[in-house]
Amino acid sequence: MVSNKGITLFLLIFCMFASLPLPALGQPAPQADPIASLVVRLDLEKYKATIKALTRFGDRRQGTARNRAAIDWIEAQLKSYGCTNTERVRYQFGVEGVHQVAPGAANGSSAPHLNAGGARARGYSRPTGVNTDPNAQPDAKLRALDSPPAIPGLREEVYCTKIGTTHPNEMYLVTAHMDGIGFGEAANDNGSGTALVMEVARVMSSPDVQTDRSIRFILWNNEETGLNGAAAYVAQRQALQGKEMPPGSGRYPEPKWLGMIQHDMMLFDHGMPRADGSLSPHQRPEADVNIEFQVNAKFAVQSQALAWALESANEQYATDYPATIGSHMTNTDSHEFQDIVASISVRENERGAQIGNGWDPQWHQPTDLYATYDDNDFRLGLNAAQTTLAAVARLSGVMMKN
Ligand SMILES: [Zn+2]
């Protein structure tokens with residue numbers, strides 16, 4: 001048996017040789033970095049399994065039974081993760097408009113060409129568009145699943161909230177749209193973003209995780225028809241922000257919005273189309289997570305600061321792929337928030353300059369299938385999840401409960 005004195009002497013000598021800081025005897029060990037311990041709870045196989053499960057509902061097009069079944073499944077999953085206070089926004093939606101996509105840059109033109117969001121297009125481009133032909137889906141089973149059309153009427157979208165312990169009246173919004181289009185499985189657009197939000201909700205809802213501020217996880221509907229689900233949320237809930245209801249209850253049905261982080265298409269960064277319009281079959285080694293804010297928005301300055309908070313979290317915690325910031329956020333649900341609160345979108349590529357130029361050949365096509373992607377693609381989505389989880393954990397003041 002060694003005496004306490006002996007252990008102290010040993011530690012002193014050991015620390016001198018190992019150049020370690022001396023432990024303060026009698027003090028509890030400092031808590032390990034809680035953010036690092038949360039990020040490791042994200043897992044590639046779990047992320048893939050959630051995307052795969054979402055593709056069971058085909059393209060999840062708004063206004064269909066497959067869309068409603070997907071919402072029910074997402075809600076059940078959120079509850080099973082411990083995010084039990086699920087609620088739904090309800091709104092009416094009519095007839096879907098004709099889908100239009102801005103053309104990419106004219107190849108060979110020397111004049112500057114601006115794509116959606118004001119992003120300057122460069123280099124080679126290929127055509128983009130929305131497939132509206134069910135027969136373009138060669139898989140008969142999937143074609144049958146995706147064929148029933150959207151019916152005008154009631155729409156729903158689901159959310160759940162992690163309630164902050166010291167500032168329950170303030171929150172960050174972590175969001176993605178769950179509806180899809182194009183007669184495929186909408187695996188990348190936007191099973192990948194939906195699964196990311198669900199995975200972050202799962203980790204943050206563990207019973208040993210506590211945050212000062214609230215975090216709401218929202219899965220929008222009707223993004224593909226013109227951001228109508230996000231617009232309905234803003235219309236119904238913006239004025240409720242920060243109000244205690246009923247007074248004295250300590251309950252805040254709509255905590256004040258501190259920032260909005262949208263996730264839309266997380267997997268595919270195979271680079272620019274080649275001169276003949278073909279694309280590399282492989283994720284490019286220098287693939288990155290694109291974080292965009294809109295420079296012309298009222299909250300551009302605040303949104304830029306939020307973007308840098310994610311970039312910094314990526315630098316510290318994302319395992320494989322870096323993050324890049326761009327100033328032309330566009331064409332996703334965060335647009336509805338950009339003049340109200342700090343708002344950013346997280347993607348595989350820049351929406352305007354790159355996806356608008358045809359960098360993602362699966363976009364709104366029958367080929368947007370789970371089987372189209374490999375682990376290098378899925379890992380880009382996982383790195384985006386690590387980025388958002390780490391940033392939101394830090395911003396909301398996370399602590400691990402003992
Ligand atoms: Zn999308």
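The link between Cys83 and Cys160 is a right-handed disulfide, with 100° about the S-S bond. Its sulfur atoms sit 2.2 Å apart, inside the cut-off for a disulfide, a pair of cysteine sulfur atoms within 2.5 Å. The count under this rule is one disulfide. The bond links distant parts of the chain, 77 residues apart: Cys83 belongs to the loop between α4 (65–80) and β1 (87–93), and Cys160 to strand β4 (residues 153–162). Helices (H or I, at least four residues) and strands (E, at least two) are DSSP runs, numbered from the N terminus. Cys83 counts as buried because its relative accessibility is 2%, and Cys160 is buried too, at 0%. Here buried means under 20% relative accessible area, exposed over 50%, and partly exposed in between (1.4 Å probe, protein chains only).

A word on the source: this is a predicted model, in which local features need pLDDT of at least 70 and side-chain atom pairs count only at pLDDT 80 or more, while totals for chains, interfaces and linings use all residues. Residues are numbered from 1 along each chain as its sequence is written, and side-chain values use heavy atoms, with hydrogens and water left out.

Now to the metal. The zinc ion is held by His177 (NE2), Asp189 (OD), Asp264 (OD) and Asp264 (OD), at 2.0 to 2.8 Å. Donors are N, O and S atoms within 2.8 Å of the metal (3.2 Å for Na, K and Ca); water is not among the atoms, so sites may look incomplete. Along the chain the zinc donors follow the spacing H-x11-D-x74-D. Of these, His177 in strand β5 (residues 167–177) and Asp189 in helix α6 (residues 187–204) are 12 residues apart. His177 is buried at 0% relative accessibility, and Asp189 is buried at 2%. Why is the arrangement around the zinc ion irregular? The four donor atoms subtend angles of 52 to 152°, which makes it so. For comparison, four donors count as tetrahedral if all angles lie between 85 and 135 degrees; four count as square planar and six as octahedral if opposite donors are over 155 degrees apart and all others between 65 and 115; anything else is irregular.

Next come the rings. There are 10 aromatic pairs in the structure. Rings of Phe, Tyr and Trp (its six-membered ring) pair if their centres lie within 6.5 Å, with planes under 30 degrees apart called stacked, over 60 edge-to-face and the rest tilted. One of the pairs is Trp220 with Phe337, tilted at 40° between the planes and 5.8 Å centre to centre. Both Trp220 and Phe337 are buried. They also belong to one aromatic cluster with Tyr159, Tyr233 and Trp257.

Finally, the charged side chains: the whole structure holds 17 salt bridges, each a side-chain nitrogen of Lys or Arg within 4 Å of a carboxyl oxygen of Asp or Glu. Some of them are listed here.

| Salt bridge | Closest N and O atoms |
|---|---|
| Glu170 and Arg213 | 2.7 Å |
| Glu199 and Arg202 | 2.9 Å |
| Glu254 and Arg216 | 2.7 Å |

Glu254 and Arg216 are both buried. Glu170 is buried at 17%, whereas Arg213 is partly exposed at 22%. Glu199 and Arg202 are three residues apart in helix α6, so about one helical turn separates them.
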